[in-house]
Amino acid sequence: MCNTPIAPDSAHSHYRLYKPFGMLSQLSSNDPVQLRKKRFLSALFDFPPNSMPIGRLDEKSEGLLLVTTDGKLSDTINRSGIEKEYYAQVDGPITDEALNQMRKGIEIGLFGKKHITRPCAITRIEAPHLPEASPKLRIGAHRPSSWISITLTEGKFRQVRKMTAAVGFPTLRLVRIRVGTIVLEGLQPGQVEKLQGFNVK
């Protein structure tokens with residue numbers, strides 16, 4: 001975990017938002033097909049020029065996303081090993097063996113190469129209080145599933161999904177609830193809040 005405070009430039013603007021399911025973690029696109037068919041963060045709020053998301057959540061994931069006009073800050077946070085915590089609903093009752101495998105680090109595929117994930121904090125939890133899942137997820141009320149909390153200090157492409165799949169428990173729903181000290185709590189899907197102070201230590 002990063003132990004050095006990250007002090008943003010006060011001249012910049014910073015936001016936290018609840019990225020809904022089915023939205024891309026970008027403000028727009030140069031691809032006309034994407035512009036017609038996909039949903040973008042710009043639909044949620046009139047962000048100032050030069051705004052950018054800090055890190056990403058894939059289209060089917062939801063939860064906390066930070067947006068800033070400070071490109072240097074964005075790069076620093078992405079490279080600093082700051083904790084990111086997720087709640088994941090997985091297919092089936094997850095086992096202690098699977099949890100231990102992920103805690104220690106597990107091999108996943110990453111752009112055609114093998115990657116061993118860093119050790120992480122992971123626990124089985126009761127179903128958290130979250131907004132209703134999108135019906136497009138088709139989880140089903142009677143489908144056996146379980147929830148875990150997983151805290152990473154890296155953010156590889158679709159990492160949580162790849163980790164749970166590697167131990168035999170594919171992720172059904174994924175919600176990021178924390179980046180450093182900034183939390184999702186208090187936001188509903190699609191809601192944006194301007195941050196008065198910004199310190200993710």
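**Notebook: pockets, a threonine and a ring cluster**

I sorted the lining of the second largest pocket by class and got eight nonpolar residues, three polar and one charged. I was working on a predicted model throughout.

I then listed the lining by name. It runs through Tyr 18, Tyr 87, His 129, Leu 130, Pro 131 and Ile 177, and it also takes in Val 183, Leu 184, Glu 185, Gly 186, Leu 187 and Gln 188. Glu counts as charged and Gly as polar. The volume of this second largest pocket came out at about 200 Å³.

Next I went to the largest pocket. I noted a volume of about 600 Å³. The lining holds 30 residues. Which of them lie nearest the centre of the largest pocket? I found Arg 56, Gly 155, Lys 156, Phe 157 and Arg 158 there. By class I counted nine nonpolar, ten polar and eleven charged residues in the lining of the largest pocket.

I asked which helices and strands each supply at least two residues of that lining. Helix 2 (71-79) and helix 4 (159-166) do, and so do strand 4 (84-91) and strand 9.

Strand 9 took me to Thr 171. Strand 9 spans residues 171-179, and Thr 171 is part of it. Is Thr 171 buried or exposed? I read 13% relative accessibility for Thr 171. The cut-off for buried is under 20%, so Thr 171 counts as buried.

I looked up the contacts of Thr 171, leaving out residues up to four places away in sequence. Thr 171 touches Ala 88, Gln 89 and Val 90, and also Val 160, Arg 161 and Thr 164. With Thr 164 there is a polar contact between the side chains, at 2.7 Å.

Last, I turned to the aromatic rings. A search of the whole structure gave me four aromatic pairs. I picked out Tyr 15 and Phe 47, which form an edge-to-face pair. Their centres are 5.2 Å apart, with 85° between the planes.

What does this pair tie together? Tyr 15 sits in strand 1 (residues 14-19), while Phe 47 sits in the loop between helix 1 (32-37) and strand 2 (52-54), so the pair ties together parts 32 residues apart in sequence.

I checked burial for both partners. Tyr 15 is buried, at a relative accessible area of 4%. Phe 47 has 9% relative accessibility and counts as buried. I also found that ring pairs link Tyr 15 and Phe 47 with Phe 45 in a cluster.

Key:
Residues are numbered from 1 along each chain as its sequence is written. This is a predicted model: local features need pLDDT of at least 70, side-chain atom pairs count only at pLDDT 80 or more; totals for chains, interfaces and linings use all residues. Side-chain values use heavy atoms; hydrogens and water are left out. Helices (H or I, at least four residues) and strands (E, at least two) are DSSP runs, numbered from the N terminus. Buried means under 20% relative accessible area, exposed over 50%, partly exposed in between (1.4 Å probe, protein chains only). A polar contact is a pair of N or O atoms within 3.5 Å; within protein, one must be able to donate a hydrogen and the other to accept it, and residues adjacent in sequence count only if both atoms are side-chain atoms. Contact means heavy atoms within 4.5 Å. On a 1 Å grid over the protein atoms alone, a cavity is a set of points where a 1.4 Å probe fits but cannot get out, and a pocket is an open set with protein on both sides within 12 Å along at least five of seven lines; lining residues have an atom within 4 Å of a point. Grid points are joined across faces, edges and corners, and a volume is the space filled by probe spheres set on the points. Rings of Phe, Tyr and Trp (its six-membered ring) pair if their centres lie within 6.5 Å; planes under 30 degrees apart count as stacked, over 60 as edge-to-face and the rest as tilted.
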